[in-house]
Amino acid sequence: MKTIKILSLVFSLIITTSPLSAQQKAITIGTETKILKPYSAFAVTTDETARCLNCHATKMPKLVENWEHSAHAKNGVGCYECHKAEKGDQTAKQGHFSFNVQLVVSPARCGSCHQEQYQEFAISSHATAFDTIKYLPMRKDNPALFETSCVTCHGNIVKMKKGKAADNSWPNNGIGRINPDGSKGNCASCHGYHTDSLAIARDPSTCAKCHKTDFSPAFQAWSMSAHGSTNNRSSEEVDFTKKHLNLSDDAILKPNCQVCHVQASTKKTQATHNISSRLSWKLSKLKADHTDDWGSKRLEMQKTCRNCHASTQIDQYYRKLDAAVVATNHIVDKKIASDTPIWEKINLQNSLLAFRVSVAMLGTVNPLKIEELSH
Ligand code: HEC
Ligand code: HEC
Ligand code: HEC
Ligand code: HEC
Ligand code: HEC
Ligand code: HEC
Ligand code: HEC
Ligand code: HEC
């Protein structure tokens, strides 16, 4: 810490004595352009952020250290640029050592610099995951349990009053939370915060935070599949911190979650932050249904497969998946009548989802369960 401080002092002296130094960088947000000053060997800052750091670097040294090694710090995106709030915003802390700050950093704030990712993410099932649970009776009947169960993955409405969380609604890592500015979702669910690391977002164990459940065992199924089982060994050469990865340039031999669901499939295609955009089925419904425009979504997913497989392997995979999904829908027709109790429907829905997801991800999770249900 000491060296960092001394360095930053030296740098700021250099900058103030020679304001037109060739090393000067600037950051433009909206219409405003600000000159950046060196803070340490890794980080540059605006004047505002330099003031946050004066204090926070000693109060929360590790938090600041995480940020300092991020791509953001290198590019002058600091505390103020993410946490600043409008004057008069009643959800934020007005007058935090003469600044207005918001604890919650929404996707809309990230989107002010990352438009494309924000817009794609905003129409995904991830961003709307709170809609799925908002009618649950438990939300009103037992908010303490609601907050600590469904909300941990799906998110809820984050209520802030003068910068403090109301009704236990924060911390909230849910991927579909509703933010104080009204925007939906949470980029930090996958990217974490302050490191904003690409390596973290690309790690299957990040998806596993939410996708390793009994009812949707995507992580377990992938781990035991031909794709996941020896993945670590075969991806040794890959630099997961690199900004753009694609199958034609990088040494990816077996696919992780993000290879199929997020990443660009070729040099000519683009990554997507809408994880729904390559799915031909909505497997989580009691009777699974095709998604809108499912044929073209399936073709999008297949572009990825084609880097590693011939058509027969890919077509046969989808034929098996389709046949299995249709067979699970027949089970629903057989077992569910108009007077079936709701809890029985939910149990069946969860069991069938678990089976369908494991088929899709090429794993086999509890085959005995589907044997039992098929009678
Ligand atoms: C003079 C010292 C000082 C300055 C300057 C300062 N902060 Fe803080 N900040 C604090 C302290 C102290 C806390 C509370 C720490 C605690 O409660 O553990 C805090 C808390 C915070 C929190 C968390 C609020 C919460 O409820 O948990 C955020 C976010 C924050 N500051 C952002 C900023 C930003 C952004 C800047 C610059 C625009 C800034 N701070 C400038 C001292 C400062
Ligand atoms: C790229 C945007 C970004 C930058 C830059 C950034 N933060 Fe944050 N910060 C976040 C996000 C996202 C969260 C998680 C809060 C939430 O939305 O739930 C967070 C949370 C926090 C918290 C509360 C969490 C805790 O562990 O107590 C504090 C305090 C904080 N930030 C301070 C800072 C300080 C000080 C800096 C400057 C060194 C900084 N932040 C820079 C995005 C950012
Ligand atoms: C003030 C503008 C700004 C804001 C706000 C902002 N970013 Fe960034 N972000 C940048 C810049 C500049 C870079 C570095 C250049 C680049 O990679 O495009 C960057 C890089 C990144 C990267 C790539 C990191 C790497 O290692 O290459 C990720 C991921 C990212 N930002 C996520 C976020 C998230 C999540 C938020 C909100 C919590 C956020 N950003 C807020 C400007 C911003
Ligand atoms: C550990 C994380 C996690 C928790 C906790 C969680 N869910 Fe989910 N939920 C998911 C995931 C992941 C999916 C997506 C499954 C899929 O599509 O394969 C999902 C899907 C659903 C769906 C189907 C969505 C649709 O669009 O058809 C419903 C309904 C649902 N969850 C309700 C709940 C309820 C109610 C709770 C609390 C009792 C809850 N979830 C708790 C992660 C979670
Ligand atoms: C479901 C997890 C997930 C969520 C949520 C998420 N990201 Fe990402 N993000 C990723 C992955 C995985 C990559 C790496 C993609 C690749 O390899 O090309 C990435 C890459 C990025 C990059 C680097 C450039 C690029 O597009 O490849 C930026 C910038 C970024 N994300 C910003 C955001 C912002 C802003 C949000 C919120 C609006 C967000 N992300 C939400 C998983 C996520
Ligand atoms: C913080 C929790 C969380 C994390 C982290 C997360 N997800 Fe999800 N994911 C969910 C929830 C909740 C749903 C169900 C959304 C709904 O209610 O419809 C979901 C749904 C999905 C779906 C189904 C989308 C659809 O349209 O049916 C896919 C595919 C998916 N996630 C992939 C991923 C991948 C890949 C990662 C990691 C890069 C990831 N998720 C990380 C919580 C999460
Ligand atoms: C080889 C590519 C591939 C990999 C790797 C992969 N998936 Fe999938 N995933 C698919 C395909 C294909 C489907 C079914 C697509 C369809 O509906 O057409 C699917 C479906 C899903 C679904 C169910 C969506 C629904 O309709 O409810 C979830 C959730 C999911 N994946 C999450 C993950 C997670 C988490 C990982 C990593 C642990 C992962 N996937 C790894 C290709 C992959
Ligand atoms: C980065 C390369 C890569 C991508 C992308 C990829 N696979 Fe694979 N796939 C492999 C490898 C490697 C194996 C395993 C060969 C072995 O067993 O050694 C495999 C195995 C398989 C198997 C055989 C499973 C078994 O149990 O034997 C199927 C089916 C399959 N992949 C389908 C797909 C589909 C469908 C997609 C696209 C959604 C896809 N793969 C994407 C590399 C890839």
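Student: In which loop is S98 placed?

Tutor: S98 sits in the loop between β4 (93-96) and β5 (99-101). Keep in mind that this is a predicted model.

Student: What is the phi of S98 near?

Tutor: Phi of S98 is near 75 degrees, which is a positive value in a residue other than glycine.

Student: Which loop holds N366, and what is its phi?

Tutor: N366 lies in the loop between α20 (342-360) and α21 (367-373). Its phi is positive, about 40 degrees, although N366 is not a glycine. N366 counts as partly exposed because it has 15 C-beta neighbours inside 10 Å.

Student: Where is the peptide bond that is cis?

Tutor: Look at omega. The bond from W170 to P171 is cis, with omega near 0 degrees. P171 belongs to the loop between β7 (164-165) and α12 (188-191).

Student: Into which domains is the protein divided?

Tutor: The division gives domain 1 (2-83), domain 2 (107-191) and domain 3 (199-373).

Student: How many residues from domain 2 and from domain 3 does their contact take?

Tutor: Domain 2 gives 11 residues to the contact and domain 3 gives 9. On the domain 2 side, α7 (115-122) and α12 each supply at least two residues. The largest share of that side, 3 residues, comes from α7. By class, the domain 2 side has 5 nonpolar, 5 polar and 1 charged residues. As for spacing, the centres of domain 2 and domain 3, taken over C-alpha atoms, are 24 Å apart.

Student: Which residues come nearest to ligand 6?

Tutor: Start with the shell of residues around the ligand. There are 22 residues around ligand 6, and S125, T132, C207, C210 and S276 come nearest.

Student: Which helix gives the most to the shell around ligand 6?

Tutor: That is α14, with 5 residues. Helices that each supply at least two residues of this shell include α8 (129-133), α11 (151-154), α14 (204-211) and α17 (257-261). Another of them is α12, the helix that also supplies at least two residues of the side of domain 2 that touches domain 3.

Student: From which domains does the shell draw at least three residues each?

Tutor: Domain 2 and domain 3 each provide at least three residues of the shell around ligand 6. Sorted by class, this shell has 9 nonpolar, 11 polar and 2 charged residues.

Conventions:
Residues numbered from 1 in each chain as written. Chains lettered and ligands numbered in written order. Predicted model: local features only at pLDDT ≥ 70, side-chain atom pairs only at ≥ 80, totals over all residues. Helix = DSSP H or I, 4+ residues; strand = E, 2+ residues; numbered from the N terminus. Buried ≥ 20, exposed ≤ 12 C-beta atoms within 10 Å, placed from the backbone. Domains from an automatic or database assignment. Contact = placed C-beta atoms within 7 Å. Nonpolar A, V, L, I, M, F, W, Y, C, P; charged D, E, K, R; others polar. Near = placed C-beta within 6 Å.
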